[in-house]
Structures are given as C-alpha cells and as structure tokens.
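Me: I would like to learn how to read the features of a structural model with some care. Could we go through one together, term by term?

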Amino acid sequence: MVRRKTKSEALFAEAAATADAIYEQDLAAAAKAEQERSQKTKMPLAQIHPREADTRPIRPEHVADLAESIAALGLIEPLVVDYKGVLLAGAHRLAAIQLLKEGNSEAYAQQFPDELVMVHMMAFDAEEEPERALQVELAENEKRVNYTRDQIERLAERLRALNYREIRGRPREGEKALGPALAVAIGVSTRYVRKVLKEQRQEEADEENRNSVPIFQKLKLLKRIEADTQDLVALLESEQPTRADQSLSKAIPTFLKAVKDNINEAKVAVKSLK
C-alpha cells in the first residue's frame with residue numbers, strides 16, 4: 001500500500017521546488033547581468049570557435065535570412081564568447097557570417113574589415129564552467145532588445161535604400177521583403193515590425209493632414225517666428241547696438257507679446273478641433 005504524503009511533507013516538497021525555481025531564476029539573472037558587463041571587443045573570425053554541442057539545432061533557412069540581413073545592415077547583435085573565443089551564444093549569427101564570407105565576399109569584406117567580428121567577451125572558460133556557459137546561452141536566447149520605433153524606422157530606411165519593400169505575401173523574383181528582413185535583423189516577429197511601421201506611416205499621414213489645415217500652419221509659423229525673434233534678441237544683446245538696432249529692440253517686446261497672444265489663441269482653436 002502506497003503511503004500518502006502528509007500535509008507537512010507536501011508543503012516541504014512545494015517549498016523545495018519553489019527554492020529550486022528561484023535558484024534557476026537567480027542563475028539566469030546573474031548570467032544576463034554578467035553578459036551586460038562583459039567586454040565588447042572585436043575578434044578575427046578564425047579565432048571564434050563553435051560549441052561542441054548546441055542546445056538548439058541550426059536552421060539553414062534562418063542562417064540564409066540572417067546572412068542577407070547582415071550583408072545589408074551589418075551584425076546588429078554581437079556574438080557572445082568566453083575568453084578563449086569559444087562561442088557561448090549566437091550560433092545562427094556565426095553560421096550566417098561564415099555563409100556570407102563564402103557566398104558574398106564583397107559584402108563580407110564591407111561589413112567585417114580585416115575579418116574582425118564584434119563580440120561580447122566573457123571572463124571565464126566555458127570548458128571549465130559548463131553550467132555558467134549554459135546560463136549565458138539561456139539568458140541570450142531569452143533576451144529581446146527593446147528597439148525604439150525611431151531605431152526600427154531608421155533600420156527600415158537603410159533597407160529601403162537597398163530596394164527592400166513592404167510586400168504582402170511571397171515576394172516576386174527580384175523583390176526583397178522589408179518586414180521579414182528587418183524582423184530577422186533585430187530578432188522580433190514580422191508582425192511586430194509591420195505594426196510599428198504602420199503606426200509610423202499613420203503618424204506621418206496625420207502630420208501631413210494637420211499641416212494642410214490653416215490653423216495648424218498658422219501655429220507652426222507663429223512658433224517659428226517666436227523662436228527666431230528670441231534668437232534675434234540674444235544676437236542684438238551680444239553686439240554693440242547701432243541706432244537702428246536700438247529702435248528694433250524697443251519694438252520687439254510688443255511684437256513678441258502679440259506673437260505669444262496669437263500662439264495661445266491658436267492652441268485653443270487647435271484643441272477645439274480634437
């Protein structure tokens with residue numbers, strides 16, 4: 001007959017499991033913090049050595065996509081290595097760099113002058129501390145850089161300059177899809193990239209529409225006049241004033257007050273449109 005666990009035994013087992021989970025979280029957090037403190041440097045590609053075993057199998061199609069992304073944008077996220085150059089995180093990126101070297105030597109030379117690759121170098125030996133190496137790998141796999149919308153848009157502009165386009169569905173021959181390429185480059189979903197770019201386009205369209213409404217145009221011009229007038233006051237004060245300058249200086253405060261009054265009225269009118 002199997003003895004049922006007592007309430008105290010069950011509580012002890014639950015507490016032990018919780019403690020183990022917290023320990024694993026602490027290890028992962030420590031590994032991530034250690035990676036952030038690691039030395040950022042460049043290493044010759046030939047001195048970066050793959051791991052003997054990888055927790056995730058290499059996917060050739062992802063390697064090919066990454067190689068294309070690196071050719072266009074460079075290596076955005078550095079590889080992570082121990083102090084001997086053994087790879088701790090970034091197996092797909094390393095494979096993509098090697099593929100680029102073999103398949104597109106011109107782009108490879110452009111992105112990696114002197115065959116130097118940017119890495120985060122950790123101050124330990126992966127062979128001597130395998131658990132620590134694993135935690136660094138797990139922390140890297142869980143890490144997602146929070147790129148701002150402006151950063152994503154700037155990367156998108158670089159890809160557009162290389163004839164990447166926002167294409168729905170499968171690209172035709174000769175076409176390059178911007179969304180998937182950007183998603184691969186920064187390690188997020190294509191859906192997220194398209195959402196950010198769509199929001200950016202909508203904001204630009206709204207700004208263009210606002211600029212076509214007279215009250216918005218008026219407010220924009222008045223603010224520019226106010227800023228330019230204040231710059232003029234500072235300039236007049238920094239020089240030996242002529243008689244004409246003195247006359248202008250006397251007139252500016254009244255003019256500036258009128259401009260500010262108009263700005264306030266325009267802001268009220270803008271609020272009523274919303």
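**Reading the fold and its features**

Reply: Among contacts in the chain (heavy atoms within 4.5 Å) between residues at least 6 apart in sequence, 74% join residues at least 24 apart. This is a predicted model, in which local features need pLDDT of at least 70 and side-chain atom pairs count only at pLDDT 80 or more, whereas totals for chains, interfaces and linings use all residues. Residues are numbered from 1 along each chain as its sequence is written, and side-chain values use heavy atoms, with hydrogens and water left out.

Me: How many helices and strands does the chain have, and what percentage of its residues count as buried?

Reply: Helices (H or I, at least four residues) and strands (E, at least two) are DSSP runs numbered from the N terminus, and the chain has ten helices and six strands. Buried means under 20% relative accessible area, exposed over 50%, and partly exposed in between, with a 1.4 Å probe and protein chains only; 32% of the 274 residues count as buried. Accessible areas come from the Shrake-Rupley method with a 1.4 Å probe, and for residues only the protein chains shown count as cover. The accessible surface of the chain comes to about 18500 Å², of which 53% belongs to carbon and sulfur atoms.

Me: Which residues is Arg-149 in contact with, leaving aside its neighbours within four places in sequence?

Reply: Arg-149, in helix H6 (residues 149-160), is in contact with Val-196, Glu-199, Gln-200 and Glu-203 once those neighbours are set aside. For Gln-200, the separation from Arg-149 is 51 residues in sequence but 7.8 Å in space, C-alpha to C-alpha. Arg-149 counts as partly exposed because its relative accessibility is 28%.

Me: How should I read salt bridges, and how many does a search of the whole structure find?

Reply: Side chains of opposite charge can pair when their charged atoms come close. A salt bridge here is a side-chain nitrogen of Lys or Arg within 4 Å of a carboxyl oxygen of Asp or Glu, and a search of the whole structure finds nine. One of them joins Glu-157 to Arg-160, with the closest N and O atoms 2.6 Å apart; because these two residues are three apart in helix H6, about one helical turn separates them. Glu-157 is partly exposed, at 40% relative accessible area, and a network of salt bridges links Glu-153, Glu-157, Arg-160 and Glu-166.

Me: Where do Glu-199 and Lys-195 lie, and where do Lys-257 and Asp-261 lie?

Reply: An α-helix has 3.6 residues a turn, so residues three or four places apart point the same way. Glu-199 and Lys-195 both lie in helix H8 (residues 190-211), four residues apart, about one turn of the helix, and their salt bridge has its closest N and O atoms 2.9 Å apart. Lys-257 and Asp-261 both lie in helix H10, again four residues apart, and their side chains meet in a salt bridge at 3.1 Å, N to O. Lys-257 is exposed, with a relative accessible area of 54%, while Asp-261 is partly exposed at 35%.

Me: What span should helix H10 have, and how far apart are its end C-alpha atoms?

Reply: The expected span of a helix is 1.5 Å times one less than its number of residues. The 31 residues of H10 (residues 243-273) should therefore span 45 Å, and the end C-alpha atoms are 45 Å apart, which agrees. A bend is the angle between axes fitted to the seven residues ending at a residue and the seven starting there; H10 bends by about 35° at Ile-252, and a proline, Pro-253, follows within four residues. Among the buried residues of H10 are Ile-252, Leu-256 and Val-259.

Me: Is Thr-229 buried or exposed, and which residues does Thr-229 contact beyond its neighbours within four places in sequence?

Reply: Thr-229, in helix H9, is buried because its relative accessible area is 9%. Leaving those neighbours aside, Thr-229 is in contact with Ile-252, Phe-255 and Leu-256.

Me: Which loop holds Asp-114, and what is its phi?

Reply: Asp-114 lies in the loop between helix H4 (105-111) and strand E4 (116-121), and has a positive phi of about 60° although it is not a glycine. Asp-114 counts as exposed, at 70% relative accessibility.
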